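I opened the model today to look up a few local features. My notes follow in the order I made them.

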Amino acid sequence: MNKIKKIANNLITPGETLSQKVVKGGFWVFFLKIVNRGFSLIRLIILARILSPNDFGLMGIALLTMSTLETFSQTGFQAALIQKKKDVKSYLDSAWTVLILRGFILFTILYFIAPYAAIFFDAPKAKLIIQVIGFSMFFGAFTNIGVIYFRKELEFNKEFIYQLSGTLADFVVAVTAVLILKNVWALVLGLLAGNMVRSFVSYLIHPYRPHLSSDLRKAKELFGFGRWILGSSIIVFLATQGDDIFLGKVLGVTALGFYQMAFRFANLPGSEIGVLSRIAFPTYSKLQDNIPKLRRMYLKMVRFITFLSIPFAGGIFVLAPAFTHIFLGEKWMPMISALRILAISAVVRVMVATGGALFNAVGRPDIDFKMNLARVSTLAVVIYPLTMLWKISGTSLAVLLAVCACIPIWIIGSKKEAKVEIRDYFKILLPSLIGTAIMFAVLFVLGMAFNQFELVGFLVSVAVGTATYLSFNLRVQNSSDYTVFKDIKFIFNSL
């Protein structure tokens, strides 16, 4: 009991050393993502049970339109503020002023281009949805820029409260609205509520009070670093949203709904685990002048991420039919093949993404840009023929090939900037790959044995598969220098 009280007290107080801040930051980020994902998963299952793939496709079109404008006007200010070693307070008002101006312009543009976006996707119902969700961009622009300190100083306990407030608002409003309205507007209202509440809470949780500023020289200085972030954002958008735009235009709104639902679930582990880059980026930034320490920290992060993401993807691949049938219903079964392919893609994506935080932290965002350029170029070449051949499964395969195109640049860049060798990656990946293969075989056998038991069989399979993977890795831990469990023990002791 005393140990638990000590841990609880330590978690709510900031750490003194960088290691303590990293450990405590990691706890809060994971806790936030577990809670966030819990609410989001329940929300998504409820909405998927009531709404149709076409409803999700309409919302997807609206979000694509909004994301397009946001991406092509990205400032990169947040990354620049985090990367700077010196105090950034003198930059905040200028950055906040530019962000408000940007938000108002984007809201106006979005309102007037909504009819043309609806025509492009042949979805008349999307027009009003696009115009309404534009308000979220306007409200978001007024968010207190002081919250940047939460990430810069690794104070993720405060970030937890800030982010969770929006998640809870989205959950409550969306679920209530879908039970009453039973249409796509439940998704829209939930999004608006989440963004509005999050913006309001940003002023309650951080004491900084931004003011409008006419001195834009500071903003121009930030954009010197941010231009690479802008370039990468545009390329990432084309790589991550280009498939949605193409598929929505060629195969229609309903196919887009199936594909986006598959993408959400396939990338669920990767998106949660990949959020560690929020800790990694400021941590690497503080270590950028100490290459040996930077290398050790980077390898620990890669090891931990792959230890979690690889078995998650293997489990999704095997259990996709059972999960879809039990939790989403028969109407979503056409997405299973795409879900399996995207699960593999998610693993590669989250591994390669570890390099993005590293390269930005050492002042080489151009390497991240090149990785994403290779990704989008590959996607542009293969997406049309593969989609025409195999519909949404072909689009998923194109996404997998595009992500794999980043691997050579990632390996070369990490070797140059952090002295990481290929054998280091091989040593990290091998135990997780073997453990996942064994787990895969066990789940396959259990799937045949519990075929008639549905929910009970699914839950038993998840439990046994998890135990199998952990047991194998514990045996490896005891017989080699594979240290992911030592890292976890170190984290627990640090708390």
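I began with the nonpolar patch, to which helix H8 (residues 156-181) gives the most, with three residues. I am working from a predicted model.

I listed the members of this surface patch as Ile-50, Leu-179, Ile-180, Leu-181 and Leu-189. Together they have about 430 Å² of accessible area. I placed Leu-189 in helix H9 (residues 185-205).

Next I turned to helix packing. At what angle do H5 and H6 pack? I read about 180 degrees, with the axes 8 Å apart. H5 is therefore roughly antiparallel to H6, because angles over 145 degrees count as such. I sorted the residues of the contact of H5 with H6 into 17 nonpolar, three polar and one charged.

I stayed with these two helices for the loop. Asp-122 lies between helix H5 (89-120) and helix H6 (126-141). I noted a positive phi of about 55 degrees for Asp-122, although the residue is not a glycine. Is Asp-122 buried or exposed? I found Asp-122 exposed, because its relative accessible area is 66% and the cut-off is over 50%.

I located Lys-391 in helix H16 (residues 365-404). With a relative accessible area of 48%, Lys-391 is partly exposed.

Technical notes:
Residues numbered from 1 in each chain as written. Predicted model: local features only at pLDDT ≥ 70, side-chain atom pairs only at ≥ 80, totals over all residues. Heavy atoms only, no water. Helix = DSSP H or I, 4+ residues; strand = E, 2+ residues; numbered from the N terminus. Buried < 20%, exposed > 50% of the residue type's maximum accessible area, 1.4 Å probe, protein only. Axes fitted to C-alpha atoms, helices over the stretch in contact; angles between N-to-C directions. Parallel < 35°, antiparallel > 145°, perpendicular 65-115°, else oblique. Nonpolar A, V, L, I, M, F, W, Y, C, P; charged D, E, K, R; others polar. Patch = residues over 30% accessible without salt bridge, like charges linked within 9 Å, V, L, I, M, F, W, Y side chains within 5 Å. Areas by Shrake-Rupley, 256 points an atom, 1.4 Å probe, with all protein chains shown as cover. Salt bridge = Lys/Arg side-chain N within 4 Å of Asp/Glu carboxyl O.
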